[in-house]
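Reader: Hi! Could you walk me through the side-chain contacts and the pockets in this one?
Author: Happy to, let's take a look together.

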Amino acid sequence: MTCDRWSIIARDGAMGSAVIMTSNILCAATVRPARGLLAAVLMTLGWGAGSPAQAETPITLAPHRAVYDLTLAAVTGGDTISASGTMTYAVSDACSAWSTQQQLRLQTVSRSGGVTEMVSDYATLEAKDGHSLVFRTVQTANGHEASRVMGEATMTPTGGEIRYTQPSAHTVHLPAGVMFPMAHTRAIVAAGEQGQTSLAPMLFDGTGEDGAQDTYVMILGWNHPPSASQYPALARLPSGRVHVAFYTASTHDMRADYEIGMRYFANGVSDDLDMDFGDFRMHGTLHEFTPAPEGHRC
(Lines give C-alpha, C1' and ligand atoms only; values in the text may rest on other atoms or scores of the structure.)
Protein backbone atom coordinates (compact mmCIF):
# COMPACT_ATOMS: atom_id res chain seq x y z
CA MET A 1 0.00 0.00 0.00
CA THR A 2 1.25 3.54 -0.56
CA CYS A 3 0.57 6.90 1.14
CA ASP A 4 -0.72 10.02 -0.58
CA ARG A 5 -0.13 13.62 0.45
CA TRP A 6 -3.28 15.65 0.92
CA SER A 7 -4.24 19.18 1.76
CA ILE A 8 -7.46 19.94 3.55
CA ILE A 9 -9.02 23.37 3.07
CA ALA A 10 -12.19 25.26 3.26
CA ARG A 11 -14.27 22.37 1.96
CA ASP A 12 -12.85 20.04 4.64
CA GLY A 13 -11.34 16.92 3.24
CA ALA A 14 -8.28 14.86 3.34
CA MET A 15 -6.19 12.90 0.95
CA GLY A 16 -5.46 14.72 -2.17
CA SER A 17 -7.22 17.99 -2.24
CA ALA A 18 -5.74 21.30 -3.04
CA VAL A 19 -8.02 22.89 -0.52
CA ILE A 20 -5.85 24.05 2.34
CA MET A 21 -6.17 23.62 6.02
CA THR A 22 -3.46 21.24 6.78
CA SER A 23 -0.99 19.24 4.78
CA ASN A 24 -0.79 15.55 5.47
CA ILE A 25 -0.02 12.25 3.88
CA LEU A 26 -2.15 9.14 3.52
CA CYS A 27 -1.00 5.63 3.19
CA ALA A 28 -2.50 2.75 1.22
CA ALA A 29 -1.37 -0.60 1.08
CA THR A 30 1.64 0.61 1.30
CA VAL A 31 -1.89 0.08 1.41
CA ARG A 32 2.05 2.45 1.18
CA PRO A 33 -1.68 3.98 -0.45
CA ALA A 34 -1.17 7.78 0.64
CA ARG A 35 1.96 10.11 0.60
CA GLY A 36 3.95 6.74 0.81
CA LEU A 37 -0.79 3.62 2.53
CA LEU A 38 -2.69 3.52 0.90
CA ALA A 39 -0.30 3.24 0.84
CA ALA A 40 -1.65 2.04 0.90
CA VAL A 41 -2.21 3.06 2.29
CA LEU A 42 0.10 2.98 0.65
CA MET A 43 0.03 1.35 1.52
CA THR A 44 4.73 -2.82 -1.62
CA LEU A 45 7.69 -4.58 -3.31
CA GLY A 46 10.69 -4.51 -5.65
CA TRP A 47 14.03 -3.93 -4.05
CA GLY A 48 15.53 -0.50 -3.85
CA ALA A 49 19.16 0.02 -2.92
CA GLY A 50 20.54 0.20 0.56
CA SER A 51 18.50 -2.21 2.71
CA PRO A 52 20.48 -5.02 4.39
CA ALA A 53 17.25 -6.94 5.00
CA GLN A 54 16.78 -7.36 1.27
CA ALA A 55 19.72 -9.65 0.70
CA GLU A 56 19.14 -11.79 3.78
CA THR A 57 15.43 -12.53 3.89
CA PRO A 58 13.49 -13.65 0.82
CA ILE A 59 10.04 -12.05 0.92
CA THR A 60 7.19 -12.99 -1.41
CA LEU A 61 4.62 -10.23 -1.72
CA ALA A 62 1.13 -11.16 -2.86
CA PRO A 63 -0.74 -9.79 -5.88
CA HIS A 64 -4.24 -9.06 -4.61
CA ARG A 65 -7.18 -6.68 -4.40
CA ALA A 66 -8.23 -5.19 -1.06
CA VAL A 67 -11.09 -2.90 -0.04
CA TYR A 68 -10.99 -0.97 3.24
CA ASP A 69 -13.82 0.73 5.10
CA LEU A 70 -12.70 4.01 6.68
CA THR A 71 -14.47 5.28 9.81
CA LEU A 72 -13.87 8.24 12.10
CA ALA A 73 -11.81 7.21 15.15
CA ALA A 74 -11.28 10.57 16.87
CA VAL A 75 -11.59 14.33 16.40
CA THR A 76 -8.68 16.27 17.88
CA GLY A 77 -9.64 19.83 16.97
CA GLY A 78 -10.24 21.83 13.85
CA ASP A 79 -13.39 22.16 11.78
CA THR A 80 -14.08 18.53 10.84
CA ILE A 81 -16.81 16.78 12.84
CA SER A 82 -17.50 13.74 10.66
CA ALA A 83 -15.56 11.65 8.14
CA SER A 84 -16.06 8.35 6.34
CA GLY A 85 -14.82 6.65 3.21
CA THR A 86 -13.42 3.66 1.39
CA MET A 87 -10.06 2.74 -0.04
CA THR A 88 -9.47 0.20 -2.80
CA TYR A 89 -6.00 -1.14 -3.51
CA ALA A 90 -4.93 -3.63 -6.20
CA VAL A 91 -1.47 -4.94 -7.04
CA SER A 92 -0.73 -7.12 -10.09
CA ASP A 93 2.35 -9.07 -11.09
CA ALA A 94 3.51 -7.74 -14.48
CA CYS A 95 6.49 -10.12 -14.59
CA SER A 96 9.38 -7.63 -14.47
CA ALA A 97 7.33 -5.03 -12.60
CA TRP A 98 4.51 -4.52 -10.12
CA SER A 99 1.42 -2.66 -11.28
CA THR A 100 -0.58 -0.96 -8.52
CA GLN A 101 -3.83 0.97 -8.50
CA GLN A 102 -5.31 2.70 -5.49
CA GLN A 103 -8.41 4.81 -5.05
CA LEU A 104 -9.37 6.63 -1.89
CA ARG A 105 -12.81 8.20 -1.48
CA LEU A 106 -13.34 10.34 1.59
CA GLN A 107 -16.33 12.44 2.71
CA THR A 108 -15.97 14.99 5.49
CA VAL A 109 -18.48 17.28 7.20
CA SER A 110 -17.55 20.61 8.79
CA ARG A 111 -19.03 22.24 11.88
CA SER A 112 -21.00 24.55 9.60
CA GLY A 113 -22.51 21.56 7.79
CA GLY A 114 -20.41 21.79 4.62
CA VAL A 115 -19.74 18.46 2.92
CA THR A 116 -16.58 17.70 0.96
CA GLU A 117 -16.10 14.68 -1.32
CA MET A 118 -12.42 13.94 -1.87
CA VAL A 119 -11.16 11.32 -4.36
CA SER A 120 -7.58 10.24 -4.99
CA ASP A 121 -6.62 7.98 -7.89
CA TYR A 122 -3.07 6.66 -7.75
CA ALA A 123 -1.32 4.25 -10.14
CA THR A 124 2.26 3.03 -10.48
CA LEU A 125 4.38 0.63 -12.48
CA GLU A 126 7.41 -0.30 -10.37
CA ALA A 127 10.31 -2.36 -11.71
CA LYS A 128 11.04 -5.32 -9.45
CA ASP A 129 14.75 -4.55 -9.58
CA GLY A 130 14.04 -1.17 -7.97
CA HIS A 131 15.42 0.81 -10.91
CA SER A 132 12.31 2.64 -12.12
CA LEU A 133 8.87 3.88 -11.11
CA VAL A 134 6.21 5.30 -13.44
CA PHE A 135 3.58 7.16 -11.42
CA ARG A 136 0.31 9.09 -11.73
CA THR A 137 -1.71 10.72 -8.96
CA VAL A 138 -4.96 12.61 -9.62
CA GLN A 139 -6.89 14.23 -6.78
CA THR A 140 -10.35 15.80 -6.97
CA ALA A 141 -12.50 17.77 -4.54
CA ASN A 142 -16.28 17.83 -5.05
CA GLY A 143 -15.83 16.65 -8.63
CA HIS A 144 -13.21 19.24 -9.60
CA GLU A 145 -9.61 18.27 -10.26
CA ALA A 146 -7.40 19.70 -7.53
CA SER A 147 -3.99 18.30 -8.50
CA ARG A 148 -2.27 15.96 -10.93
CA VAL A 149 1.26 14.56 -10.52
CA MET A 150 2.82 12.39 -13.24
CA GLY A 151 6.27 11.27 -14.28
CA GLU A 152 8.97 8.62 -14.02
CA ALA A 153 11.74 8.07 -11.49
CA THR A 154 14.90 6.05 -12.02
CA MET A 155 17.48 4.80 -9.51
CA THR A 156 21.06 3.49 -9.66
CA PRO A 157 23.32 2.42 -6.76
CA THR A 158 24.69 5.98 -6.61
CA GLY A 159 21.37 7.84 -6.82
CA GLY A 160 18.76 8.75 -9.37
CA GLU A 161 16.29 11.34 -10.59
CA ILE A 162 12.60 12.07 -10.98
CA ARG A 163 11.43 13.43 -14.32
CA TYR A 164 8.06 15.07 -13.72
CA THR A 165 5.72 15.72 -16.64
CA GLN A 166 2.79 17.08 -14.55
CA PRO A 167 1.93 19.56 -13.14
CA SER A 168 5.04 20.99 -14.81
CA ALA A 169 8.09 19.50 -16.49
CA HIS A 170 11.03 19.48 -14.08
CA THR A 171 13.67 17.13 -12.66
CA VAL A 172 14.46 16.35 -9.02
CA HIS A 173 17.56 14.49 -7.79
CA LEU A 174 17.22 11.34 -5.67
CA PRO A 175 20.02 10.40 -3.24
CA ALA A 176 21.40 6.86 -3.07
CA GLY A 177 19.26 4.41 -1.12
CA VAL A 178 15.83 5.81 -1.97
CA MET A 179 13.17 3.10 -2.22
CA PHE A 180 10.01 3.01 -4.28
CA PRO A 181 6.71 1.93 -2.64
CA MET A 182 6.80 -1.83 -3.16
CA ALA A 183 10.44 -1.98 -2.10
CA HIS A 184 9.59 0.06 1.00
CA THR A 185 6.88 -2.39 2.06
CA ARG A 186 9.12 -5.33 1.35
CA ALA A 187 11.89 -3.84 3.50
CA ILE A 188 9.45 -3.43 6.40
CA VAL A 189 8.26 -7.02 6.16
CA ALA A 190 11.83 -8.32 5.87
CA ALA A 191 12.86 -6.34 8.94
CA GLY A 192 9.93 -7.80 10.90
CA GLU A 193 10.85 -11.32 9.83
CA GLN A 194 14.40 -10.71 11.04
CA GLY A 195 13.30 -9.45 14.43
CA GLN A 196 14.33 -5.83 13.86
CA THR A 197 12.39 -3.17 15.74
CA SER A 198 13.04 -0.11 13.53
CA LEU A 199 14.38 1.09 10.19
CA ALA A 200 14.57 4.46 8.43
CA PRO A 201 14.58 4.16 4.63
CA MET A 202 13.94 7.09 2.28
CA LEU A 203 10.85 6.73 0.10
CA PHE A 204 9.64 8.16 -3.18
CA ASP A 205 6.10 7.12 -4.13
CA GLY A 206 5.06 9.62 -6.81
CA THR A 207 2.37 11.45 -4.84
CA GLY A 208 4.16 14.79 -4.48
CA GLU A 209 6.27 17.22 -6.49
CA ASP A 210 9.11 17.59 -4.03
CA GLY A 211 10.99 14.32 -4.31
CA ALA A 212 11.74 11.72 -1.66
CA GLN A 213 10.65 11.64 1.98
CA ASP A 214 12.38 10.38 5.09
CA THR A 215 10.48 7.64 6.89
CA TYR A 216 10.93 6.15 10.34
CA VAL A 217 9.37 2.74 10.85
CA MET A 218 8.76 1.09 14.23
CA ILE A 219 7.90 -2.61 14.26
CA LEU A 220 5.91 -3.26 17.43
CA GLY A 221 6.37 -7.02 17.54
CA TRP A 222 6.28 -9.72 14.86
CA ASN A 223 4.05 -12.70 15.60
CA HIS A 224 4.11 -16.29 14.41
CA PRO A 225 0.96 -17.72 12.79
CA PRO A 226 -1.87 -18.15 13.18
CA SER A 227 -2.80 -14.48 12.87
CA ALA A 228 -6.24 -13.20 13.77
CA SER A 229 -7.96 -12.73 10.41
CA GLN A 230 -11.22 -13.80 8.79
CA TYR A 231 -9.28 -14.56 5.60
CA PRO A 232 -7.56 -18.01 5.63
CA ALA A 233 -4.84 -16.85 3.21
CA LEU A 234 -3.82 -14.23 5.80
CA ALA A 235 -4.50 -16.14 9.02
CA ARG A 236 -1.76 -18.67 8.23
CA LEU A 237 0.91 -15.99 7.89
CA PRO A 238 3.15 -14.20 10.40
CA SER A 239 2.13 -10.60 11.05
CA GLY A 240 3.14 -7.57 13.06
CA ARG A 241 2.01 -4.13 14.13
CA VAL A 242 3.88 -1.31 12.36
CA HIS A 243 4.00 2.45 12.83
CA VAL A 244 5.38 4.66 10.05
CA ALA A 245 6.17 8.38 10.30
CA PHE A 246 6.85 10.48 7.18
CA TYR A 247 9.09 13.55 7.14
CA THR A 248 9.95 16.19 4.55
CA ALA A 249 13.59 15.48 3.84
CA SER A 250 14.53 19.04 2.85
CA THR A 251 13.34 20.72 6.08
CA HIS A 252 14.97 18.46 8.71
CA ASP A 253 11.89 19.16 10.85
CA MET A 254 11.60 16.58 13.66
CA ARG A 255 7.80 16.76 13.51
CA ALA A 256 6.24 14.15 11.26
CA ASP A 257 4.19 15.32 8.26
CA TYR A 258 1.99 12.27 8.58
CA GLU A 259 1.81 9.07 10.62
CA ILE A 260 0.07 5.78 10.00
CA GLY A 261 -0.25 2.55 11.93
CA MET A 262 -1.21 -0.82 10.52
CA ARG A 263 -0.79 -4.56 10.81
CA TYR A 264 1.36 -6.04 8.08
CA PHE A 265 1.16 -9.67 7.08
CA ALA A 266 4.28 -11.43 5.77
CA ASN A 267 3.00 -11.17 2.18
CA GLY A 268 2.74 -7.35 2.33
CA VAL A 269 -1.04 -7.15 2.80
CA SER A 270 -2.12 -4.74 5.53
CA ASP A 271 -5.18 -4.29 7.72
CA ASP A 272 -6.27 -2.53 10.92
CA LEU A 273 -5.17 0.91 9.67
CA ASP A 274 -4.84 3.96 11.93
CA MET A 275 -4.51 7.18 9.87
CA ASP A 276 -3.81 10.57 11.43
CA PHE A 277 -5.09 13.53 9.36
CA GLY A 278 -4.10 16.18 11.87
CA ASP A 279 -7.44 17.35 13.27
CA PHE A 280 -9.03 13.90 13.01
CA ARG A 281 -8.02 10.24 12.90
CA MET A 282 -9.57 7.43 10.89
CA HIS A 283 -9.58 3.68 11.27
CA GLY A 284 -9.38 1.39 8.25
CA THR A 285 -10.84 -2.13 8.32
CA LEU A 286 -10.09 -4.73 5.65
CA HIS A 287 -13.58 -5.31 4.27
CA GLU A 288 -12.71 -7.40 1.22
CA PHE A 289 -9.59 -9.36 0.30
CA THR A 290 -9.15 -11.23 -2.99
CA PRO A 291 -5.83 -12.94 -3.80
CA ALA A 292 -4.81 -12.92 -7.45
CA PRO A 293 -5.78 -16.15 -9.28
CA GLU A 294 -3.13 -18.86 -9.45
CA GLY A 295 -1.65 -19.90 -12.74
CA HIS A 296 -0.01 -16.67 -13.90
CA ARG A 297 3.37 -17.39 -15.47
CA CYS A 298 5.86 -14.95 -16.86
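**Rings, charges and a pocket**

Author: Let's start with a charge and a ring: Lys128 lies over the face of Trp98, at 4.6 Å from the ring centre. A charge counts as over a ring if NZ of Lys or CZ of Arg is within 6 Å of the ring centre and within 35 degrees of the ring normal. The model is predicted, so local features need pLDDT of at least 70 and side-chain atom pairs pLDDT 80 or more, while totals for chains, interfaces and linings use all residues. Residues are numbered from 1 along each chain as its sequence is written, and side-chain values use heavy atoms, with hydrogens and water left out.

Reader: Thanks! How many aromatic pairs are there?
Author: The count comes to five aromatic pairs. Rings of Phe, Tyr and Trp (its six-membered ring) pair if their centres lie within 6.5 Å; planes under 30 degrees apart are stacked, over 60 edge-to-face, and the rest tilted.

Reader: What is the geometry of Phe135 and Phe204?
Author: Phe135 and Phe204 are edge-to-face, with 5.3 Å centre to centre and 80° between the planes. The two are 69 residues apart and link distant parts of the chain: Phe135 is in strand β7 (residues 132–141), and Phe204 is in the loop between β12 (202–203) and β13 (213–223). Strands here are DSSP runs (E, at least two residues) and helices are H or I runs of at least four, numbered from the N terminus.

Reader: Buried or exposed, that Phe204?
Author: Phe204 is buried, at 0% relative accessibility, and Phe135 is buried too, at 3%. Buried means under 20% relative accessible area, exposed over 50%, and partly exposed in between (1.4 Å probe, protein chains only). Phe135, Tyr164 and Phe204 also form one aromatic cluster.

Reader: And what about Phe246 and Tyr258?
Author: That aromatic pair is tilted, with 6.0 Å between centres and 40° between the planes. Phe246 sits in strand β14 (residues 239–248) and Tyr258 in strand β15 (residues 258–265), so the pair ties together parts 12 residues apart in sequence. Phe246 is buried at 0%, and Tyr258 is buried at 1%.

Reader: Switching to charges, how many salt bridges are in the whole structure?
Author: There are eight salt bridges, where a salt bridge is a side-chain nitrogen of Lys or Arg within 4 Å of a carboxyl oxygen of Asp or Glu. One of them joins Asp274 and Arg281, whose closest N and O atoms are 3.0 Å apart. Asp274 is partly exposed at 24%, and Arg281 is partly exposed at 27%.

Reader: Which residues do shared partners join into a network?
Author: Glu152, Glu161 and Arg163. Arg163 meets Glu161 at 3.0 Å, N to O, and Glu152 at 3.9 Å.

Reader: Nice. Last topic: how much space lies in the largest pocket?
Author: About 450 Å³. On a 1 Å grid over the protein atoms alone, a pocket is an open set of points where a 1.4 Å probe fits, with protein on both sides within 12 Å along at least five of seven lines; lining residues have an atom within 4 Å of a point. Of the 20 lining residues, Ala62, Pro63, Ala292, Pro293 and Glu294 are the closest to the centre.

Reader: Which elements supply at least two residues of the lining?
Author: β4 (80–93), α3 (232–235) and β17 (280–291) each do.

Note on methods. Points joined across faces, edges and corners; volume = space filled by probe spheres on them.
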